[in-house]
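Please walk through this structure with me, one region at a time. Keep the 3D view open as you read.

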Amino acid sequence: MKWLATDPALSRLSLTNPIHFLALGFGSGLAAKAPGTFGTLAAIPLYLLMAQLPLSWYLGFTLLCVIFGVYICDKAAKDMGVHDHGAIVWDEVAGLLITMIAAPTGWIWLLGGFVLFRFFDIIKPWPIRWLDAKVAGGFGIMIDDVLAGIFALLCLQGLAWGLA
């Protein structure tokens, strides 16, 4: 079984390029199967570091990840010559960070956020699917995962409030 993707478009990227390294989710997007899931998993250590920050800093850093993510994803897609290639997973990193905004602490909440985000990212309910199909460029790559993150955030916060 191959662990790493061998798509020819990937040969146009380099992990030594900081933009490519981030777009590929620290290399996790190179997984041959389920790169989006691996990209979301790669976001967990970043989230755990950020979870220690005051909420205002967490929000600011997450916003920067989204804003710069538009550029990062657009640049990597152009360098590959493929719009929204599966290996570009920075959008999943940003999506998980959005999902986990003000989440209760504990592994059960992190697991819940992970599952909810992956659910919305894969299922793509309206308007996520529509945006994914209609919006191009780096913004198009990012927006569906930003919305999936917001949907997952609302569900996770609803669970937290319901169990409180």
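Is Tyr 58 buried or exposed? Tyr 58 counts as buried, because its relative accessibility is 4% and the cut-off for buried is under 20%. Bear in mind that this is a predicted model.

Now look at the aromatic rings. The structure holds five aromatic pairs. One of them joins Tyr 47 and Tyr 58, with ring centres 6.2 Å apart. Their planes meet at 80 degrees, so this pair is edge-to-face; the cut-off for that class is over 60 degrees. Tyr 47 sits in helix 2 and Tyr 58 in helix 3, so the pair ties together parts that are eleven residues apart in sequence. Tyr 47 is buried too, with a relative accessible area of 7%.

Phe 119 and Phe 120 make another edge-to-face pair. Here the centres lie 5.1 Å apart, and the angle between the planes is 75 degrees. What is the exposure of Phe 119? Phe 119 is partly exposed, at 44% relative accessible area. Phe 120 counts as buried, at 11%. Elsewhere, Phe 21, Phe 26 and Trp 90 come together in one aromatic cluster.

Which helices each supply at least two lining residues? They are helix 2 (35-50), helix 3 (55-80) and helix 5 (107-123).

Next, find Ala 34. Ala 34 belongs to the loop between helix 1 (18-23) and helix 2. Its relative accessible area is 42%, so Ala 34 is partly exposed; that class runs between the 20% and 50% cut-offs. Ala 34 and Ala 87 are 53 residues apart along the chain. Their C-alpha atoms are separated by 9.2 Å.

Finish at helix 7, residues 137-163.

Technical notes:
Residues are numbered from 1 along each chain as its sequence is written. This is a predicted model: local features need pLDDT of at least 70, side-chain atom pairs count only at pLDDT 80 or more; totals for chains, interfaces and linings use all residues. Side-chain values use heavy atoms; hydrogens and water are left out. Helices (H or I, at least four residues) and strands (E, at least two) are DSSP runs, numbered from the N terminus. The expected span of a helix is 1.5 Å times one less than its number of residues. Rings of Phe, Tyr and Trp (its six-membered ring) pair if their centres lie within 6.5 Å; planes under 30 degrees apart count as stacked, over 60 as edge-to-face and the rest as tilted. Buried means under 20% relative accessible area, exposed over 50%, partly exposed in between (1.4 Å probe, protein chains only).
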